[in-house]
Amino acid sequence: GMLAQSEWIYWEALGLIIGRLGVLQLGAHTVPNQLLMVGAMAPFAFGTALAIRMGITLSSSAIDGSSSLDVVKKTKAMATSTSIVSVALFGAVTILMYIYEDLICSFFLSSPEVLDVLDKIWWKVCAFNFNLSVFAMFVGVATGLGQQWTLGVINFFFLWVIGIPATYHWTITLGGGLDAAWTCINIPYLLINLSLLGIFLRTNWHKVQDKILAGEFDQDPEVEKRPSTTQQNTEMTALLSGVSDSHAGYTSDDQV
């Protein structure tokens, strides 16, 4: 829910903080902000696809009769291999992003003053791009394991309890400027990734599978409140029968 998506709202608050630094710094921040938001769609798509496949695979033993051990092993191999491929792919993108800094920035602006500010933080922007790619994959793994609440709590803690106050303190109070801001942006995401990795390694995937399989037979409380289709059909048939009988009674009276 909103707790898990607090990561998106974090960036809005971050823009307000950096806006206090002035037009020059905000202009330089806008370039990586827009670039990363667009570029992040690819790793998040990988993560979403992985979450779907993990959910399907973990529940497959109820469909094809596969052993629980084989299914969990297959799911772990899928999550690990996809994460490795994603890290390698987007790691290569990050390296290209660092090499072609001038070309990329030329698409957005031409002001020498802004380009100079942007050049000082570019390596941190590239480091964050890789950080964000790992985060996107871990979001997929967490979703596939049904750990959205865990993800939401971790996001909120590191981004809002630690990230925003630290960013404001180092950037505005201590006057660290945009360079300090991007340092403070990287650290919470690095801590989130390490925390999620530790949780994944400690998670009992067999219990996760058992919960998924049990969930197939659990009814949504809202659904349980609604009458079943059979019950609705029975009530409708009875109602129509009553109406028909009433009409028949009226017809008989008229004929008499």
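Begin with helix α1, residues 6-19, which gives the most residues, 3, to the lining of the largest cavity. The model is a predicted one. A search of the whole structure for cavities of 30 Å³ or more returns 1.

Next, go to the salt bridges, of which the structure holds 2. Select aspartate 116 and lysine 120; their side chains meet with an N to O distance of 3.8 Å. Both sit in helix α7 (residues 112-144), 4 residues apart, which means a separation of about one helical turn. Aspartate 116 is partly exposed at 43% relative accessibility, while lysine 120 is exposed at 53%.

For the other bridge, select lysine 124 and aspartate 179, whose closest N and O atoms are 3.1 Å apart. Lysine 124 belongs to α7 and aspartate 179 to helix α9 (residues 177-202), so this pair ties together parts 55 residues apart in sequence. Lysine 124 is buried, at 8% relative accessibility; aspartate 179 is partly exposed, at 37%.

Finish at helix α10, residues 205-215, and colour its buried residues: Trp205, Val208, Gln209 and Leu213. Viewed down the helix axis, they fall within an arc of 135°, so they line one face of α10. On the face turned away from that side, select the exposed Lys207 and Lys211. At the start of α10, a side-chain oxygen of asparagine 204 comes to within 3.0 Å of the backbone nitrogen of histidine 206.

Technical notes:
Residues are numbered from 1 along each chain as its sequence is written. This is a predicted model: local features need pLDDT of at least 70, side-chain atom pairs count only at pLDDT 80 or more; totals for chains, interfaces and linings use all residues. Side-chain values use heavy atoms; hydrogens and water are left out. On a 1 Å grid over the protein atoms alone, a cavity is a set of points where a 1.4 Å probe fits but cannot get out, and a pocket is an open set with protein on both sides within 12 Å along at least five of seven lines; lining residues have an atom within 4 Å of a point. Grid points are joined across faces, edges and corners, and a volume is the space filled by probe spheres set on the points. Helices (H or I, at least four residues) and strands (E, at least two) are DSSP runs, numbered from the N terminus. Buried means under 20% relative accessible area, exposed over 50%, partly exposed in between (1.4 Å probe, protein chains only). The arc is that of the directions from the helix axis to the C-beta atoms. A polar contact is a pair of N or O atoms within 3.5 Å; within protein, one must be able to donate a hydrogen and the other to accept it, and residues adjacent in sequence count only if both atoms are side-chain atoms. A salt bridge is a side-chain nitrogen of Lys or Arg within 4 Å of a carboxyl oxygen of Asp or Glu.
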